[in-house]
Amino acid sequence: MKPLYLVIVSLVCAVAAVAGPASAGPADITVTSSSIDPPVLMKGDTGMLTVTIQNNGADPVSIKSARLFGSGVVALSDSYPSVGEIGAGNAKTFTFTVRADAGEGTFYPMFVLDFVNAGSLRYPVPVQVEDTPLSISVIRKPDAFAEGRTADITIRVANPRPNAASGVQVVPQGTGFSVTPSSAFIGALSADGSGTAVFNLTPAAETTAAFQVVWRNGINTHTADLVLPIPFGEDKRQADPLITNVEVRPEAGGYRIVGDVMNAGLESARSVLVTPGAPATPIDPFRVYVVGTLDPDDASPFEVTLRADASATEVPIIVEYRDDDGNRYTTTTMVGVGGALAAPPDEGDGGIPLAGIIVVALVALGVAGAIYYSWRRK
Amino acid sequence: METGFLRVLFDPGHFFESRMRDEPSLKVPALIALVVGLIGAISAALVANLIVGILPAEAQAFGVIVVGFSVAGAVIGGFLTWIVYGIVFYLISMVFKGEGSLARTLEVTGYGFLPQVFGGIVGAFFSYLIVSNLTIPAAGSPEEIAAVTENLTGMLVTDPLAQVAALAGILFLVWSANIWIFGMKYARNLSTRDAALTVGIPVGLYILYTLITLAGWL
């Protein structure tokens with residue numbers, strides 16, 4: 001039986017020699033590429049990490065499992081428990097969901113391939129985490145806000161991050177104002193790129209407006225806020241109607257005030273009206289004088305008629321105007337009617353009093369009667 | 001209707017006809033002119049007193065003088081108006097070959113002034129109404145006095161009561177003119193037509209001037 005055993009052992013060895021190893025070793029498997037989307041994570045971001053391997057050997061390689069582990073950037077998805085065989089020259093891709101749990105920096109989660117015939121491939125995959133948000137700034141706003149006056153506000157959003165941001169939009173938030181549009185979409189911002197959004201904001205009261213920038217880094221949504229205080233103040237460019245060259249002419253029953261109204265501002269004053277204010281009472285024929293539009297540095301004459309108490313030394317002259325948005329403004333100028341001026345008597349509407357007409361009529365009748373009588377007696 | 005010289009108001013024809021029988025006398029006409037002047041002085045005093053109120057306190061002492069001059073001016077003005085009218089009528093009637101002395105003309109002109117007494121009373125009443133409603137501030141400088149006086153003048157001219165007073169004055173002047181026509185007819189021995197022209201031309205021109213002023217055309 002010994003020769004038989006020898007033959008069997010020899011055959012087994014021969015078969016083993018002919019068959020060779022069942023699979024090639026780890027040396028033939030290489031990681032050809034790795035990537036992550038988004039390319040740069042922010043803290044707390046979730047990304048998709050993809051690793052591609054290739055069998056560079058002449059024989060298939062059996063892979064038991066593939067997994068990813070590490071700290072800072074952790075895998076959320078399960079590992080690949082049974083990968084199977086990868087043929088000679090073939091490539092295979094593994095995808096893991098990862099999350100950046102730590103702070104900023106570059107992390108190296110470990111990609112591990114376990115081979116069937118023992119041994120494994122360990123490959124550290126670099127993942128960059130940077131927490132820099134998009135920057136937001138106001139590049140244009142009025143010098144001062146005013147109640148009911150629409151102000152143009154231009155917001156610039158810039159991307160200082162090393163990767164692109166997508167779905168960028170700006171949303172105004174707050175109370176005490178109305179704004180158009182309600183949000184502005186900028187879209188994708190490449191690295192170091194910027195975009196602008198213009199809003200027409202009309203405050204109803206002194207308030208604070210917040211402009212929130214919303215964007216996505218991969219599938220992760222982020223926000224950044226810019227707070228813009230809206231205090232009321234005097235606009236340095238607004239129209240400034242002034243009354244000059246005033247002449248007060250006392251008339252029976254009131255005063256006639258003539259003068260010039262001039263726009264000393266830098267913007268046009270529209271629908272300019274000039275009228276006497278209380279306690280003076282406007283009377284015909286010029287209760288209100290309509291000037292119309294006054295461009296900057298333009299002047300227009302005006303004329304108003306009014307009645308005031310005999311004790312009044314000055315009366316207010318009100319200039320009412322609107323800006324381009326239709327907001328109404330008023331300015332008041334006190335005009336002296338006392339001092340070197342005599343106060344006219346109050347004659348109601350300024351017409352001839354009824355008693356006077358009656359007296360004249362009676363005199364006329366008397367004179368006519370006397371004349372008639374004298375000629376009849378001739 | 002024998003009521004003395006007041007009869008001239010309603011029956012000037014017969015009044016002057018009877019006056020022609022006597023020598024010309026200027027006593028009553030002068031009295032009428034004096035009364036007209038005195039009544040005019042009331043209006044003048046009211047306005048002068050108003051203007052005195054413009055003066056600063058230290059210049060109020062001149063107020064009495066100003067009022068005095070105004071009163072004197074009004075009284076003298078009454079006489080002057082009478083004489084000027086008389087002379088004008090006398091000169092115009094010369095065109096129509098009028099006969100009669102200047103004294104007679106002045107006499108009838110003076111009687112014809114009688115309605116101006118009533119006109120003066122009405123005018124003074126309106127002046128009082130206008131002045132009592134005015135408030136005049138004190139002025140501290142000659143410039144301010146000039147400014148107040150200027151706008152006061154404008155105000156008095158445009159005041160409806162002043163216009164009413166002016167219209168009433170025209171009516172009384174028409175009444176006087178009617179008397180003057182009869183007076184000139186007898187004083188200068190004119191026809192009714194010539195007497196009417198003698199009186200109507202100057203009086204008409206004066207009324208026309210007054211109406212134009214009232215209308216604001218001047």
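A: In chain A, strand β3 (residues 46–55) and strand β7 (residues 91–100) run antiparallel and are joined by nine bridges, where strands are DSSP runs of E of at least two residues, numbered from the N terminus, and two of them count as paired if DSSP finds at least two bridges between them. Within this pairing, Thr50(A) stands opposite Thr95(A) of β7(A). The model is a predicted one, in which local features need pLDDT of at least 70 and side-chain atom pairs count only at pLDDT 80 or more, while totals for chains, interfaces and linings use all residues. Residues are numbered from 1 along each chain as its sequence is written, and chains are lettered from A and ligands numbered from 1 in the order in which they are written.

β7(A) also pairs with strand β5 (residues 73–75) of chain A, in the antiparallel sense and over three bridges; here Val73(A) has Ala100(A) in β7(A) as its bridge partner. In general, the strands of a sheet pair through backbone hydrogen bonds, either parallel or antiparallel.

Chain A also holds an open sheet of three strands in the order β2-β11-β8, with mixed pairing. Its edge strands are β2 (40–41) and β8 (105–107) of chain A, each of which pairs on one side only. Between β8(A) and strand β11 (residues 127–129) of chain A the pairing is antiparallel, over three bridges, and Phe107(A) has Val127(A) in β11(A) as its bridge partner.

Chain B, by contrast, has zero strands and eight helices, a helix being a DSSP run of H or I of at least four residues.
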